[in-house]
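Hi everyone, thanks for coming.

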Amino acid sequence: MITSAQIRAARALLRWSSSDLAARSSIGTATIKRLEVMDGVPSGQVRTLIAIKEALESAGVEFVGTPTENPGVRLKTKSSV
């Protein structure tokens, strides 16, 4: 799974607002904001977190590490896409 910090960092890399992510993941803006303020893996429905993760990945974000060990994000390079 992904952490709240990874969601925030991924949005920052893409220069997306919470509204941008909401539109691309079909998740409400209020839900995005609520999940982002939690520590660690946000509590919520798994399908919600999957939708967010998939939207960010389809835009070129790669999630690295695990929630407990070196969680992070990076943009995929053109050669790895």
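Let's begin with helix α3, residues 29-36, and helix α4, residues 46-58: their axes come within 12 Å and cross at roughly 95 degrees. Please keep in mind that this is a predicted model.

Which residues make the contact between α3 and α4? From α3 we have T31, I32 and L35, and they meet T48, L49 and I52 in α4. By type, the residues of this contact divide into four nonpolar and two polar, with no charged ones.

Now have a look at S25, which sits in helix α2, residues 18-25. Is S25 buried or exposed? Its relative accessibility is 7%, and because buried means under 20%, S25 counts as buried. The side chain of S25 reaches back to the backbone oxygen of L21, at 2.7 Å. Beyond its neighbours within four places in sequence, S25 is in contact with I32, A51, I52 and A55.

Let's zoom out to the whole chain. We have four helices and two strands, and from the N terminus on the order is α-α-α-α-β-β. For 81 residues, a compact globule would have a radius of gyration near 12 Å, and the chain agrees, with 12 Å. Along the principal axes, the C-alpha atoms fill a box of roughly 35 × 30 × 20 Å.

Two last numbers for you. Of the 81 residues, 33% count as buried. And among contacts between residues at least 6 apart in sequence, 55% join residues at least 24 apart. Thanks, and I'm happy to chat!

Technical notes: Residues are numbered from 1 along each chain as its sequence is written. This is a predicted model: local features need pLDDT of at least 70, side-chain atom pairs count only at pLDDT 80 or more; totals for chains, interfaces and linings use all residues. Side-chain values use heavy atoms; hydrogens and water are left out. Axes are lines fitted to C-alpha atoms, for helices over the stretch in contact, and angles run from 0 to 180 degrees between N-to-C directions. Contact means heavy atoms within 4.5 Å. Ala, Val, Leu, Ile, Met, Phe, Trp, Tyr, Cys and Pro count as nonpolar, Asp, Glu, Lys and Arg as charged, and the others, Gly among them, as polar. Buried means under 20% relative accessible area, exposed over 50%, partly exposed in between (1.4 Å probe, protein chains only). A polar contact is a pair of N or O atoms within 3.5 Å; within protein, one must be able to donate a hydrogen and the other to accept it, and residues adjacent in sequence count only if both atoms are side-chain atoms. The radius of gyration is taken over C-alpha atoms; the globule rule is 2.2 Å times the number of residues to the power 0.38.
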